[in-house]
Amino acid sequence: MHRVELIELVQQHHSHMGEVEILKLINRAIDDFTAETECLKRYKTIGTTTAGQRYYPAAGSELEDTEIGGNTDILRIMNVWVDDVLIPRIVSKDEAMLIDDDEHESADNALATATSTSNKRYWYPIDDSGVRVGLVEESLRATTRDDKVSNFQSISEGSLQIRLHYISRGTHLAKSSTSGATFTPEIQSMYHEALTYKAIASGYKDKRNQDLQAAQYFDNEYEVAVKKAKKRARSNNVTVGHIVPHSY
């Protein structure tokens, strides 16, 4: 179901609404649906390492601003590959962050870039106006500062590919778009109508066409779809049967 069809379904209930207003409601529904269900998963290269840099995507980078719409699109990171190797998530990020780089801000007392390379690499998530991934490796020479000692350092080798498997928000639909993710919602087509349920419910809460009973009905229909999508996402689209014994 594409953008025009979604708008027409909403206008059957709210004929006073124009395309721009309806798209705002649909896009809010996309944000809510993908966050609640975690149904939209991406497997994507987000760039390469920079020696001494801890967090990716880098704040203010072209990748963050345009290609993935800001790191706020990343809701939860599941797996990380560096140089095509799947690396483990560190058990306690506090240990890795004991002595941290501050290159993501104005570095006033930055750590020196490590020159000793270790292939024992780890990752951890950090919430920084969205989710970023912190990359560290075991320090071959213990890092010290203010009488504290850390056995971890930021990645010391540059130009290594970083690939993430993560849960994302959906791309917003755009006015006058004709193709791609801005024309058709990225979520599975079976859930497209759920977006209209959310938009229609919001419209019935508006004083211009207020009907709270109808709003509750469409909110309930939306929640049913959310539960189904959440269950499917958690199963990773794999259904498992079982054998039931019978006596003859």
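Thr 34 sits in helix H2, which spans residues 19-37. Helices (H or I, at least four residues) and strands (E, at least two) are DSSP runs, numbered from the N terminus. The model is predicted: local features need pLDDT of at least 70, side-chain atom pairs count only at pLDDT 80 or more, and totals for chains, interfaces and linings use all residues. Residues are numbered from 1 along each chain as its sequence is written, and side-chain values use heavy atoms, with hydrogens and water left out.

Is Thr 34 buried or exposed? Thr 34 is buried, at a relative accessible area of 0%. The cut-offs are these: buried is under 20% relative accessible area, exposed is over 50%, and partly exposed is in between (1.4 Å probe, protein chains only). A polar atom of the Thr 34 side chain lies 2.7 Å from the backbone oxygen of Ile 30. Beyond residues up to four places away in sequence, Thr 34 touches Cys 39, Leu 40, Leu 75, Ser 168, Arg 169, Gly 170 and Ile 187. Contact here means heavy atoms within 4.5 Å.

Helix H2 also holds Glu 21. The side chain of Glu 21 meets that of Arg 208 in a salt bridge, 2.3 Å from N to O. Arg 208 lies in the loop between helix H5 (192-204) and helix H6 (212-234), so the pair ties together parts that are 187 residues apart in sequence. Glu 21 is partly exposed at 27% relative accessibility. Arg 208 is partly exposed too, at 48%. Asp 206 joins Glu 21 and Arg 208 in a network of salt bridges. A salt bridge is a side-chain nitrogen of Lys or Arg within 4 Å of a carboxyl oxygen of Asp or Glu. By this rule the count comes to 10.

Next, strand E8. Which strands pair with it? E1 runs antiparallel to E8, and seven bridges join them. Strand E3 (residues 74-82) is also antiparallel to E8, again with seven bridges. Two strands pair if DSSP finds at least two bridges between them. Six of the eight residues of E8 are buried, so the strand is largely enclosed by the rest of the structure. In a regular strand the side chains alternate between the two faces of the sheet.

Arg 42 has a further partner. Its side chain meets that of Glu 186 in a salt bridge, 3.1 Å from N to O. This pair links distant parts of the chain: Arg 42 is in strand E1 (residues 41-48), Glu 186 is in the loop between strand E8 (161-168) and H5, and they are 144 residues apart. Glu 186 is partly exposed, with a relative accessible area of 29%.

Another salt bridge joins Glu 157 to Arg 121, with the closest N and O atoms 3.4 Å apart. Glu 157 lies in the loop between strand E7 (148-154) and E8, and Arg 121 in strand E5 (residues 121-127), so the pair ties together parts that are 36 residues apart in sequence. Arg 121 is buried at 9% relative accessible area, whereas Glu 157 is partly exposed at 32%.

Finally, the start of the chain. Met 1 lies in the segment before helix H1 (3-11). Met 1 is partly exposed, at 32% relative accessibility. Met 1 and Glu 193 are 192 residues apart in sequence, yet 7.9 Å apart in space, C-alpha to C-alpha. Leaving aside neighbours within four places in sequence, the contacts of Met 1 are Leu 6, Leu 9, Thr 184, Pro 185, His 192 and Glu 193.

Methods. Polar contact = N/O pair within 3.5 Å; in protein donor to acceptor, adjacent residues only side chain to side chain.
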